[in-house]
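Student: I have a structure here that I would like to talk through with you. Could we go over it together?

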Amino acid sequence: STAMAFRVAGGLTHVFQREGEAAESVFPPKWEHDMSMWMPPGLGNADVAEVWKRDEWVQSVCQVDSFQRSAARKVDPSLPADYTESRTFRVTYQSKTKAVSFEMSRDRQLEHRATAAEELGVIFR
């Protein structure tokens, strides 16, 4: 094998190998990002999840909170009147074949946010 490993106190901590070799991490790093957005009428959770699930690093997209504003309550004057619901989603990034850093997951998250705003019409809080 061409893999090189570091051992600390009797335990394997990291293995280096050439990219493309068929190996999977047993405990890959996992990064979670929460995002809150105002939803246009009729948009479902599956529509939002579909934008993120196109990415092979995304393991899960789940709703963790929601907020309904009343017509009398002014949250943001620039917000369209029909955007009455805000939802918060948690996106989990993880790859068994690539060491994904927090910065890499953050950059992907920012790309997905731009795509969601453009394709779905959501407004991020």
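Student: Happy to start with a helix: which elements are included in what covers the buried residues of α1?
Tutor: Let me first say that this is a predicted model, in which local features need pLDDT of at least 70, side-chain atom pairs count only at pLDDT 80 or more, and totals for chains, interfaces and linings use all residues. Residues are numbered from 1 along each chain as its sequence is written, and side-chain values use heavy atoms, with hydrogens and water left out. Helices (H or I, at least four residues) and strands (E, at least two) are DSSP runs numbered from the N terminus, and contact means heavy atoms within 4.5 Å. The cover over the buried residues of α1 includes β3, β4, β5, α2 and β6 (123–124).

Student: Which residues of α1 are buried, and how are they arranged around the axis of α1?
Tutor: Buried means under 20% relative accessible area, exposed over 50%, and partly exposed in between (1.4 Å probe, protein chains only). In α1 the buried residues are Val48, Ala49, Val51 and Trp52. Taking directions from the helix axis to the C-beta atoms, the buried residues of α1 fall within an arc of 150°, so they line one face of the helix.

Student: Which residues touch the most other members of the largest nonpolar core?
Tutor: A nonpolar core is a set of buried Ala, Val, Leu, Ile, Met, Phe, Trp, Tyr and Cys residues joined through side-chain atoms within 4.5 Å. The largest one has 19 residues, and those touching the most other members are Met37, Val48, Trp52 and Val122.

Student: Which element gives the most to this core?
Tutor: At least two residues each come from β3 (30–39), α1 (45–53), β4 (58–68), β5 (85–94) and α2 (102–120). The most, 4 residues, come from α1.

Student: What kind of aromatic pair do Trp38 and Phe67 form?
Tutor: Rings of Phe, Tyr and Trp (its six-membered ring) pair if their centres lie within 6.5 Å; planes under 30 degrees apart count as stacked, over 60 as edge-to-face and the rest as tilted. The whole structure has 2 aromatic pairs. For Trp38 and Phe67, the centres are 6.0 Å apart with 70° between the planes, and the pair is edge-to-face.
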